Amino acid sequence: ATADQDFGYKMVARNDGRALIVSAPTKGQGNINFLFRSQPTAGTAFQTQSTLTMTDGDDNTGKLGYSLSMSTDENFVVAGAPFNNTLSSDGSTRYNDNGLVKIYLWNPSTFNYSQLNTITPPEDGSTTDSSQAQRFGQSHKISEPGDASGRSTPTKYLFVGACMNGELAQMDLPTILGHRI
């Protein structure tokens, strides 16, 4: 057994009690474990349905699963890897601890989650400093405007926190990047 995997560092679960998502951010670049049980009855054991391992970086710094959240309709799971070293879009600069988030989508016909997308932080071209350390994905929240907001819509918005110079910055991805989930 590998020591210091931090299995259970973050957990989210579907309300029906049949699916549990558990992170292990220090196992390699980080793992997201999808556990499932056939009955929601207390005492029914969970089985590992799938384990998704991050392979985006070439080192073990990413820590996928450092943050973990689920949409209220339980169809989306978001996992952050805020310490991932990423390349700029043109490949010229490697940013240390720049981060990323991975989005997983529930498939009701197969009863499992699969990867939908990987999102890296926006680039504004203002720096080529490889040590900028945005830590994109340190925190995140899926916002689902509903009747209470007066803006009932099927659109979901993903807000991702990044730690820049010790300050938390919230990014509205539909506005900044045009991503809609």
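Lys-102 is buried in this predicted model. Its relative accessible area is 4%. Buried means under 20%, so Lys-102 falls within that class.

What surrounds Lys-102, once its neighbours within four places in sequence are left aside? The list of contacts includes Met-54, Asp-56 and Leu-64. Val-77, Val-78 and Ala-79 belong to it too. Gln-115, Asn-117 and Thr-118 complete the set. With Thr-118 there is also a polar contact, side chain to side chain, at 3.0 Å.

Now follow strand 9 to its partner. Strand 10 takes in residues 112-119. Seven bridges join strand 9 and strand 10, and the pairing is antiparallel. In general, strands of a sheet pair through backbone hydrogen bonds, either parallel or antiparallel. The two strands form a hairpin, with four residues between them. Look for Phe-111 in the turn: its phi is positive, at about 55°.

Leu-105 has Ser-114 as its bridge partner in strand 10. Is Ser-114 buried, exposed or partly exposed? Ser-114 is partly exposed, with a relative accessible area of 39%. That value lies between the cut-offs of 20% and 50%, which is why Ser-114 counts as partly exposed. Leaving aside neighbours within four places in sequence, Ser-114 is in contact with Ile-103, Tyr-104 and Leu-105. Phe-76 is 38 residues from Ser-114 in sequence. In space, their C-alpha atoms are 9.6 Å apart.

Next, turn to the start of the chain. Four strands form an open sheet there, in the order 1-2-3-4, with antiparallel pairing. Which strands stand at the edges? They are strand 1 (11-13) and strand 4 (47-53). Each has a single partner strand, so one side of each is left without a neighbour in the sheet. On average, neighbouring strands of this sheet are turned by 20° against each other, direction ignored. Strand 1 pairs with strand 2, residues 19-24, through three bridges. The two run antiparallel. Val-12 has Ile-21 as its bridge partner in strand 2.

Between strand 1 and strand 2 lies a loop that holds Arg-14. Side chains of opposite charge can pair when their charged atoms come close. Which residue forms a salt bridge with Arg-14? The partner is Glu-74, and the closest N and O atoms are 3.7 Å apart. Glu-74 sits in the loop between strand 5 (67-70) and strand 6 (76-80). The pair links distant parts of the chain, 60 residues apart. Both Arg-14 and Glu-74 are buried. How many salt bridges does a search of the whole structure find? The search finds one.

Finally, step back to the whole chain. The chain contains one helix and 13 strands. From the N terminus on, the elements run β-β-β-β-β-β-β-β-β-β-β-β-β-α. Of the 181 residues, 40% count as buried. Among contacts with a separation of 6 or more, 46% come from residues 24 or more positions apart. The chain exposes about 9400 Å². Carbon and sulfur atoms supply 47% of that area.

Technical notes:
Residues numbered from 1 in each chain as written. Predicted model: local features only at pLDDT ≥ 70, side-chain atom pairs only at ≥ 80, totals over all residues. Heavy atoms only, no water. Pairing = 2+ DSSP bridges. Axes fitted to C-alpha atoms, helices over the stretch in contact; angles between N-to-C directions. Buried < 20%, exposed > 50% of the residue type's maximum accessible area, 1.4 Å probe, protein only. Polar contact = N/O pair within 3.5 Å; in protein donor to acceptor, adjacent residues only side chain to side chain. Contact = heavy atoms within 4.5 Å. Salt bridge = Lys/Arg side-chain N within 4 Å of Asp/Glu carboxyl O. Areas by Shrake-Rupley, 256 points an atom, 1.4 Å probe, with all protein chains shown as cover.
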